[in-house]
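I opened my notebook to look at how this chain folds up. Here is what I looked up, entry by entry.

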Amino acid sequence: ALDLGAGAGATARAFGSLVPGLRWRLVDRDVALLAVAARRVPGADTVAADLADLDRVSFAGVRLVTASALLDLASEPWLAALAARLAGAAVGLYAALSFDGRLAWQPPLPDDNRIAAAFNRHQCRDKGFGAALGPAAAAALAALLARRGFAVRLAPSPWRLGPADAVLARALVEGVAAAAAEAGQPSAAWRQARLAASAAGSVVGHVDLLALPVATSAQSKTTSVSSP
């Protein structure tokens with residue numbers, strides 16, 4: 001399995017022993033994170049590379065490509081290049097946790113939608129791969145792969161934060177507020193109100209994508225399903 005944007009190896013660790021004998025090739029441009037991944041995923045190959053140039057990433061010997069929290073950072077040309085590489089190698093893809101644009105907070109506040117819209121605009125800035133598709137990325141790649149003869153499934157995989165996730169919930173609020181401000185939307189008052197009210201819970205929409213090559217294009221279609 002080839003993990004794109006592997007970071008500290010979270011995807012490989014999540015797979016665990018689900019696929020006996022599976023070997024990992026972990027690709028990231030951050031050598032410090034790759035060093036952590038090498039310790040956490042014994043036997044994995046680590047490759048330092050900038051994913052902006054997919055031509056420099058080898059698919060040799062790969063049976064599955066994985067990625068986590070990556071697609072929404074990518075541009076349409078980058079996703080098209082990824083689809084071409086997958087089709088050329090006849091390799092499947094499992095891409096988890098692509099942000100889909102949904103932010104829901106409990107209890108709701110009057111400015112939630114305004115801030116969410118600004119955050120989504122910020123998601124479409126250049127994240128290192130050209131102008132990002134942001135919340136539209138997973139569906140766009142699903143369509144690209146379906147046209148190339150892949151059987152494609154999309155399924156929701158939302159983050160759900162509750163009172164036990166107070167530290168992570170605070171970091172989420174801080175990040176959303178900062179992005180909204182960078183997108184030109186004043187967010188200081190919302191940040192203060194949301195930090196005071198967010199302990200009850202929040203949901204950040206994500207989607208998982210599974211795409212597998214099939215023998216004939218007549219068998220392939222993009223299907224939205226209710227659960228992974």
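**Entry 1: counting elements.** For my count, helices are DSSP runs of H or I with at least four residues, and strands are runs of E with at least two, numbered from the N terminus. I am working from a predicted model. On that basis I get 7 helices and 9 strands for the protein.

**Entry 2: strand 8 and its partners.** Which strands pair with strand 8 (residues 201-213)? I started with strand 5 (residues 92-106), which runs antiparallel to strand 8 and is joined to it by 9 bridges. In that pairing I found Gln106 bridged to Gly201 of strand 8. Strand 6 (residues 150-156) is also antiparallel to strand 8, with 7 bridges between them. Here I noted Ala151, whose bridge partner in strand 8 is Leu212. Strand 7 (residues 159-161) pairs with strand 8 too, in the antiparallel sense and over 3 bridges. I found Arg160 standing opposite Val203 of strand 8.

**Entry 3: helix 3 against helix 5.** I followed the axes of helix 3 (residues 76-89) and helix 5 (residues 137-147), which come within 10 Å and cross at roughly 40°. That angle makes helix 3 oblique to helix 5. The crossing is right-handed. From helix 3, the contact takes in Leu79, Ala80, Leu82, Ala83 and Leu86, and they meet Ala137, Leu141, Leu144 and Leu145 of helix 5. What classes of residue make up this contact of helix 3 with helix 5? I sorted them into 9 nonpolar, no polar and no charged.

**Entry 4: helix 6 against helix 7.** Next I took helix 6 (residues 166-182) and helix 7 (residues 188-197), whose axes come within 10 Å and cross at roughly 165°. Angles over 145 degrees count as roughly antiparallel, and helix 6 and helix 7 are therefore roughly antiparallel to each other. Helix 6 passes helix 7 in a right-handed crossing. On the helix 6 side I listed Arg170, Val173, Glu174, Val176 and Ala177; on the helix 7 side, Trp190, Arg191, Arg194 and Leu195. By class, this contact of helix 6 with helix 7 has 5 nonpolar, no polar and 4 charged residues.

Technical notes:
Residues numbered from 1 in each chain as written. Predicted model: local features only at pLDDT ≥ 70, side-chain atom pairs only at ≥ 80, totals over all residues. Heavy atoms only, no water. Axes fitted to C-alpha atoms, helices over the stretch in contact; angles between N-to-C directions. Parallel < 35°, antiparallel > 145°, perpendicular 65-115°, else oblique. Left-handed = near helix turned anticlockwise from the far one by under 90°. Contact = heavy atoms within 4.5 Å. Nonpolar A, V, L, I, M, F, W, Y, C, P; charged D, E, K, R; others polar. Pairing = 2+ DSSP bridges.
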